[in-house]
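Have the viewer open as you read.

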Amino acid sequence: QVQLVESGGGLVQAGGSLRLSCAASGRTFNSYVMGWFRQAPGKEREFVAATSWTGGRTSYADSVKGRFTISRDNAENTGYLQMNSLKPEDTAVYYCAATTGWGTQKYDYWGQGTQVTVSS
């Protein structure tokens, strides 16, 4: 199994940027597809982005396309979510997650989350 720890959240003004990190430990990081999800207060958790085992494939929610970029560094066992042009509606707790299959919404391992707050 793999353990995931997110960092990099915080408070930013609308239009600003943040980069989230997801540090992985345990089983080999490149055995897993990595995804980012978010959950805003009173809303269900939603998919944000995913990257395949080597980073060659990516997928994004329509709401973040063109603004967010997912990446990974398997040598450092770390994944990233670069968030640009942030909007107040991006405010949420962001979670990284890992699964072994591409294209699934069922992720097996989750981090504890990091808060992102975008002020208007």
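This is a predicted model: local features need pLDDT of at least 70, side-chain atom pairs count only at pLDDT 80 or more; totals for chains, interfaces and linings use all residues.

Residues are numbered from 1 along each chain as its sequence is written, and side-chain values use heavy atoms, leaving out hydrogens and water.

Start with the open sheet of four strands, ordered β1-β3-β8-β7 with antiparallel pairing (strands are DSSP runs of E, at least two residues, numbered from the N terminus; two of them pair if DSSP finds at least two bridges between them). β1 and β7 sit at the edges with a single partner strand each, so one side of each has no neighbour in the sheet. On the β1 side, β1 and β3 are joined by six bridges, and Leu4 has Ala24 in β3 as its bridge partner.

Now hop over to β7 (residues 68-73) and β8 (residues 78-83), an antiparallel pair with six bridges. Phe68 stands opposite Met83 in β8.

Both of those residues turn up again in the largest nonpolar core, which has 33 residues; Phe68 and Met83 are among those with the most contacts inside it, as is Leu81. (Such a core is a set of buried Ala, Val, Leu, Ile, Met, Phe, Trp, Tyr and Cys residues joined through side-chain atoms within 4.5 Å; buried means under 20% relative accessible area with a 1.4 Å probe, protein chains only.) β9 gives the most to this core, with five residues.

Key
Buried means under 20% relative accessible area, exposed over 50%, partly exposed in between (1.4 Å probe, protein chains only).
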